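Welcome, and thanks for taking a look at this one.

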Amino acid sequence: MINRVYLCLSLCLALLALLAPRAALAGVSIADEQARAVSEVNRYRQSVGLPAVTATTALNTAARKHAVYMLETGEMDHYETQKNSPYYVAYSPYGRARLFGYSNSSISENIRWSSEGAVGTRTYVGVDNAVQWWMAAIYHRFAIISPRTENIGYGVYYKAGESAQVMDFGTDYSRTGPMVRWPRPNQRGVGTYLNGESPNPVAQFGGDFPTGYPVSITWYRGTVRYTSIQMVRVSDGKAIPGYRLSPQNDDFHRWSTSLSFIPKDPLDHSTTYRVTFRGFYSPTGSTSDERSFSYTWSFTTQPPQGNLRSSSPANGSTGVALTPTIKLYFERGLRSYTLVPNSAVGSYWQAVGLGLRRSDGTNVAIDVVEPTDPYTTSVSLRPVNALSPNTWYTLYYQVYDRWGRPVRGQVRFTTGR
């Protein structure tokens, strides 16, 4: 099952109007997720030399209310048009932020709709993957790594196997900061593709998704133009075809003072690429202080997705002890906070965690041994009570690897006498 993920961007007024400790087994709250959103955004910002942002109650509330509106009305957009709905707040992101007391003059917004974390034990997977997706989607990236972003708010709402996530950004245009490259120089574990964004950044070139992972350079203000943007695979020097976006051909790059290269096709796994951006930049927008630049750097993509390597008992085993210790061994490191007991095994493909089910359809309570490694490759669990003899059981799992990719499947075994 493929998760539906939609990404959108809103600009208001002058703009067109490492993992933290694992979640508790009982699941996380909205407040926990809001705090996590700030932590994740600041982790990305710190990695590129930008100051931290802070959350505000007003932006958290505005984002949360809009997430509820979208999922309850089915209107996936930044603008609320159903004024008769009991969930209506205000038409625009700016209007919602002002309604709840935020006074900065400019607001932008990222939204996402998926099924992650919507069923089963709630963990940080929804907020972590939302920020990760926004960093992959080129238009949504800019607000997260802009030195002019001062405040953020995050809201999420879950209903009927779906989740809506919203992040609002408050901007201070007097702020300055460094030029930012993403991916960072020598970064490892970079994504290989972008599978959707609205607006579509490559539609103007006749392109479509999936594309390769976008590469960008962003200044805090001024004007920029490129003379050449190139990307090659380091192992053999092969040139990578792609789309070049600039303030001269894309309005979103104009307001963000950015240049981007989006590979035409998904990148190879575990592969190092080198990019070179050359052009001219003026911090004031005047040709009198325009100066040339040339930046060359490399990054390496993440490995291919791993699966279950082996289990004890093995799939299809018979004569299993009535009080077994069940162990799963995976090919790639997993986010340990997703290794939690989950009772919703009937919808395990949408759930997060592990569930054990008897052949008659009843769920069995389990204890999961908490890993000490935030990216563990092994899982250990035990049934809380002795299993029934001569009965087959199915262990369901949906967990997420360190790059946010779901790993799902099942192991079936039969107990002995």
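Let's begin with a charge and a ring: the charged end of Arg 412 sits over the ring of Trp 392, 4.0 Å from its centre. Please keep in mind that this is a predicted model.

**Charges and rings**
- In another such arrangement, Arg 43 places its charged end over the ring of Tyr 44, 4.9 Å from the ring centre.
- The model has 14 aromatic pairs.
- One of them is edge-to-face, because the rings of Tyr 124 and Tyr 337 have planes at 85 degrees, with centres 6.1 Å apart.
- Tyr 124 lies in the loop between strand S4 and helix H4, and Tyr 337 in the loop between strands S20 and S21, so this pair ties together parts 213 residues apart in sequence.
- Tyr 124 is buried, at 12% relative accessible area, and Tyr 337 is buried at 1%.
- Trp 219, Tyr 281, Phe 293 and Tyr 295 are linked into a cluster by ring pairs.

**Helix H2**
- Helix H2 covers residues 57–73 and reaches 24 Å from its first C-alpha to its last.
- Its buried residues include Leu 59, His 66, Tyr 69 and Met 70.
- Among the elements that the buried residues of H2 pack against are helix H1, helix H3 and strand S5.
- Just after H2 comes Gly 74, with a positive phi of about 80 degrees.

**A four-stranded sheet**
- Four strands form an open sheet in the order S7-S11-S15-S14, with antiparallel pairing.
- Strands S7 (180–182) and S14 (242–245) are the edges, each pairing on one side only.
- S14 and S15 are joined by four bridges, and Tyr 243 stands opposite Ile 262 in S15.

Technical notes. Residues are numbered from 1 along each chain as its sequence is written. This is a predicted model: local features need pLDDT of at least 70, side-chain atom pairs count only at pLDDT 80 or more; totals for chains, interfaces and linings use all residues. Side-chain values use heavy atoms; hydrogens and water are left out. Two strands pair if DSSP finds at least two bridges between them. Helices (H or I, at least four residues) and strands (E, at least two) are DSSP runs, numbered from the N terminus. The expected span of a helix is 1.5 Å times one less than its number of residues. Buried means under 20% relative accessible area, exposed over 50%, partly exposed in between (1.4 Å probe, protein chains only). Contact means heavy atoms within 4.5 Å. Rings of Phe, Tyr and Trp (its six-membered ring) pair if their centres lie within 6.5 Å; planes under 30 degrees apart count as stacked, over 60 as edge-to-face and the rest as tilted. A charge sits over a ring if NZ of Lys or CZ of Arg is within 6 Å of the ring centre and within 35 degrees of the ring normal.
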